[in-house]
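Thanks for coming, everyone. I'll walk through a few spots in this model, starting with a pair of helices. Please have the structure open.

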Protein chains: 4
Amino acid sequence: MAEMVYIGVIGAAECSGEVAAHAEKLGEGIARLGAVLVCGGRGGVMEAAARGARSAGGTVVGILPGNDPRGGNRYLNVAVATGLGDARNAVIARTCDVLVAVDGGYGTLSEIGLALKMGKPVVGLGTWRCTDCRGKDAEVIPAADAEEALRHCRLLLGL
Amino acid sequence: MAEMVYIGVIGAAECSGEVAAHAEKLGEGIARLGAVLVCGGRGGVMEAAARGARSAGGTVVGILPGNDPRGGNRYLNVAVATGLGDARNAVIARTCDVLVAVDGGYGTLSEIGLALKMGKPVVGLGTWRCTDCRGKDAEVIPAADAEEALRHCRLLLGL
Amino acid sequence: MAEMVYIGVIGAAECSGEVAAHAEKLGEGIARLGAVLVCGGRGGVMEAAARGARSAGGTVVGILPGNDPRGGNRYLNVAVATGLGDARNAVIARTCDVLVAVDGGYGTLSEIGLALKMGKPVVGLGTWRCTDCRGKDAEVIPAADAEEALRHCRLLLGL
Amino acid sequence: MAEMVYIGVIGAAECSGEVAAHAEKLGEGIARLGAVLVCGGRGGVMEAAARGARSAGGTVVGILPGNDPRGGNRYLNVAVATGLGDARNAVIARTCDVLVAVDGGYGTLSEIGLALKMGKPVVGLGTWRCTDCRGKDAEVIPAADAEEALRHCRLLLGL
């Protein structure tokens, strides 16, 4: 079996139609790259990305905060019910080779921080902009749209 | 998409050929039931069960203790690198609808305890026998072989 | 500051008066050894042990499954609200240098398994008896009463 | 026993002398408030805050990422070895009633995100500035120095 590549899509459980359209296109592209899409398994950005990936025949893993593997959106091939609450964000970051942050709330902010702490590349698509006290930006690679985010993923992963 | 059913196979990372044969048959049967096989993703019982499930076209999820999604056996469709160490045993138990314990060491013992604590049915195939201080056995459903374990899984899950 | 020694008392959240009396005596003795008492922070055995330790001026840490640090019993000096559910059992086992299992249900069984997997000594006071499929008992050190359990702790820790 | 209040000090494992001086003053003030100081248990900001709290007779809890309760700095009264890696950041955020972020790297960024996601107030002392894609700042309460951070803590906690 070929080694799997894992790309995370992180974003909030609620989002606008425009953001969902970006996430869906991103999910579709991830599936076309042959990568497994990892997400938090819930609604909003996670669901849109999952729907996109499934529409292109991809594999979607949802890593859920709660206790019920049936608590995720309906586009997951596999749901992992961690029962860990927000600590599951660290499991998402840990599993992924690259993460793409789309828009997002505080959970997404935490995942950006966790992923960068773990040395994982993070691509940002209209997401948080973070600057430390010395004026240095967090090393999130900016992308203007799903296509550019996917180009970054391909380059980062050598696909 | 039909709701997925998750069956865990728990057992040690090293095992005899005889135990591996049981685990492989069990994995094959789980795939034929259409269930997702969940395991700890490593060698021994986990690898044998995964190999069996893949041989029957099934889906195998490995929930790994370490940081590397490439740290699992080669029969996994999806590897989740939790980075949680032994706390990942709780994630395995939480995700599964039923667990089958095959032989096993202390990690397996902990998974039996965690699953029963969570109210998940556990089938035992040549595994730990545990009796509390009042002489009451842990509610592990005994199975003499892989076929009987699979029959229990089917009944428990209404498949 | 002297290095702290951590002794866990694991047991169910409900217990008989007799079991509570054992746990309380155990907690008192742990405090007299100068060790920190670590427990799951809830009722039953955990509360009785905590009460005993506090009565002797000891320090008690409760590692809680839930989200609220005020969700523990009233004898805790420090409550850690893990929000991890049953995965917190692994945190308890990981922190302790020795664990004493008193009576107990499935959660205790899981903690015994986790601690032994991590190579931590476990003393058993009227707790689970576990035998693997080769007839080998889990390496729980039996104690007839709190005094004997404390003697084992002292020997194991070189106190 | 009076209900404990938990104040977290989050920041990087390495920091300048100036930042350490802020953190130490902060730790001292937290102890004088009668609150338990919660931190990640390691060096840099965590050690400086812990040292300050101990100098004022306070209680310091270190929630460590690794497996060894002896792996923390020497100012901890209690060390919890979670063995969870970076997922321990969620345990820190969960346990605290208020968190103060001092300077900090990506781990601190993740803790800010986790705490805000959990609805916990976060005071920032020369830390990350984060703005979402709509130009809205993360709700970190700015403080110019340790005194101002402590005033915020008192107000937030009604002390």
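The crossing of α1(B) and α2(B) is right-handed. α1 of chain B covers residues 17-32, and α2 covers residues 44-55. Helices here are DSSP runs of H or I with at least four residues, strands are E runs of at least two, and both are numbered from the N terminus. The two axes come within 6 Å and cross at roughly 40°. That makes α1(B) oblique to α2(B). The angle classes are: under 35 degrees roughly parallel, over 145 roughly antiparallel, 65 to 115 roughly perpendicular, the rest oblique. Axes are lines fitted to C-alpha atoms, for helices over the stretch in contact, and angles run from 0 to 180 degrees between N-to-C directions.

Some housekeeping. This is a predicted model: local features need pLDDT of at least 70, side-chain atom pairs count only at pLDDT 80 or more, and totals for chains, interfaces and linings use all residues. Residues are numbered from 1 along each chain as its sequence is written, chains are lettered from A and ligands numbered from 1 in the order written, and side-chain values use heavy atoms, leaving out hydrogens and water.

Which residues of α1(B) meet α2(B)? Among them are A20(B), A23(B) and G27(B). On the α2(B) side, the list includes A48(B), A49(B) and G52(B). Contact means heavy atoms within 4.5 Å.

Next, a pair across chains. α4(A) and α4(D), residues 106-117 in each, pack at about 160° with axes 7 Å apart. That makes α4(A) roughly antiparallel to α4(D). This crossing is left-handed. Y106, L109 and L116 of both chains are among the residues that meet.

Now chain C. Strand β2(C), residues 36-39, is covered on both faces. V36(C) and V38(C) are buried on one side, L37(C) and C39(C) on the other. Buried means under 20% relative accessible area, exposed over 50%, partly exposed in between, with a 1.4 Å probe and protein chains only. β2(C) pairs with β1(C) in the parallel sense over three bridges; pairing takes at least two DSSP bridges. Three bridges also join β2(C) to β3(C), again parallel. G8(C) stands opposite V38(C), and L37(C) opposite V60(C).

Most residues other than glycine have a negative phi. D103(B) has a positive one, near 50°. D103(B) is buried, at 7% relative accessible area.

Methods: Left-handed = near helix turned anticlockwise from the far one by under 90°.
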